[in-house]
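Please look over the sequence and the model shown below before reading on.

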Amino acid sequence: MENNITRLYVIVNSVEDFVAIFAIAVSSIGVVANSILLYLFIADPYFRKEIYYIMLISCFTDLSANISSIVSNIIYISKTINTTILCRVLAFLIYTSYGISIMNLSLIAIYRYLSIVRPFSKIYALYKKQFLITSEILIWMICFGASLPDLLYLETQQTSRKICGYDQITSSFSTLLILFSIFYYVIPSAIIVIFYWRIIIHQQNYVRPGQSPISRQLDATKKDKRIKSIMIISACYVLTTWPLFAVYVGQAISRKTLIQVLAENRVNYWLSMLSISTATIISALNPFLYFNLDENVRRSLKNRVLKRSAIVISRT
C-alpha cells in the first residue's frame, strides 16, 4: 500500500514538473522571439509609426511576462524558498504584462479596422494620435489596477512544494476574479473577434476600381492570405487563454483556493495549473503572429539576416 502511494506521489510530481518544464520551454522560445522583434522595432527606422509603437510596447510586456514565467516555474520545479514577496511580485509582473499585451492586441485590431475599413474618416484622421495615447494610458491603468490584488494579497502555501495563491476566496475576491476575467478575456476577445470580422467582410466585398483581371486575381490572393492571418490571430487568443479564465470563474463561483482544489481533486488541480501555463503561451505566440501578419516585419527580419550573413561571408 505504501509503495503504491509512493509511486503515485512520484507520478504526480513528475506530471507537475512536466507542465512546468513545458511552460519554461515555451517561455524561452518567447524570450528569443520577442527579443528579435524588439530589436527590429528599435533598430529599423521604418517602424517609427504609431502601430509599431503599440507593437513595441506589447513586445516588451510579452518579454517581461516570459522572463517572469521562466523564473517562477524554475522556482516551482526546484522547490526552493518561494517567499511571499517574490510570489506577489512575479504574479503581478506576469498578469500586468499579460494584460497590457492582450489589450494592445485589441487596440491593434481597432487600429487596423480604422486604417483598412474607414481610412477617410475625419475623426480618425484628426484624433488618431490622441486616441492611441489615451487608449494606452487607460490600458496601463486598468492592468495595474486589475493586478494590484496579486501584489497585496497573494501568499505562499506549503504542499509538496510551495504554491502561490490566495489563502481564501471571499465574496469580494469572487467579484474581483469575475471582473478580472471580463477585462482580460471577455472584452478583448469581443473586440478582436468583432473588429477582425468586420475587416474580413470588408476585404471580401471590396474591389479596387480600375483593376485588370490579373491584378484582381493577385489582390484576391493577398486578401485570402490576410484573412487567414487575421483568423489565426483571433483563434490563437480566444482558444489558448479561455481555460485560465474558466478556472478563475470556477474559483469565483465555488470560492475554492488552489490548495482546496488540490486537497479535493488532484486532476482538477492539474488542469488548473495547466490552464495557467497555457495562458502564458500567448506571450510567446504574439511575435510569431506579428511575423505572420505583417509583411514589413518579415521583410525587415529577412534583410537583417541577409546583411549579417553577407558580413560573415565577407570576413571568411
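What percentage of the 316 residues in the chain is made up of buried residues? Buried residues, meaning those under 20% relative accessible area with a 1.4 Å probe and protein chains only, make up 43% of the chain. The model is predicted, so that local features need pLDDT of at least 70 and side-chain atom pairs count only at pLDDT 80 or more, while totals for chains, interfaces and linings use all residues. Residues are numbered from 1 along each chain as its sequence is written, and side-chain values use heavy atoms, with hydrogens and water left out.

Ten helices and two strands form the secondary structure of the chain, where helices (H or I, at least four residues) and strands (E, at least two) are DSSP runs numbered from the N terminus. Along the sequence they follow the pattern α-α-α-α-β-β-α-α-α-α-α-α. Of the contacts (heavy atoms within 4.5 Å) between residues at least 6 apart in sequence, 81% join residues at least 24 apart.

Helix α2 spans residues 50-78 and includes I75, which is buried with a relative accessible area of 12%. Between I75 and A20, 55 residues apart in sequence, the C-alpha to C-alpha distance is 9.7 Å.

Helix α2 also packs against helix α4 (residues 122-153) at an angle of about 10 degrees, with their axes 11 Å apart, the axes being lines fitted to C-alpha atoms over the stretch in contact and the angles running from 0 to 180 degrees between N-to-C directions. The two helices are therefore roughly parallel to each other, a term for angles under 35 degrees. E50, I54 and I57 of α2 meet K128, L132, E136 and W140 of α4 in this contact.

Key: Buried < 20%, exposed > 50% of the residue type's maximum accessible area, 1.4 Å probe, protein only. Parallel < 35°, antiparallel > 145°, perpendicular 65-115°, else oblique.
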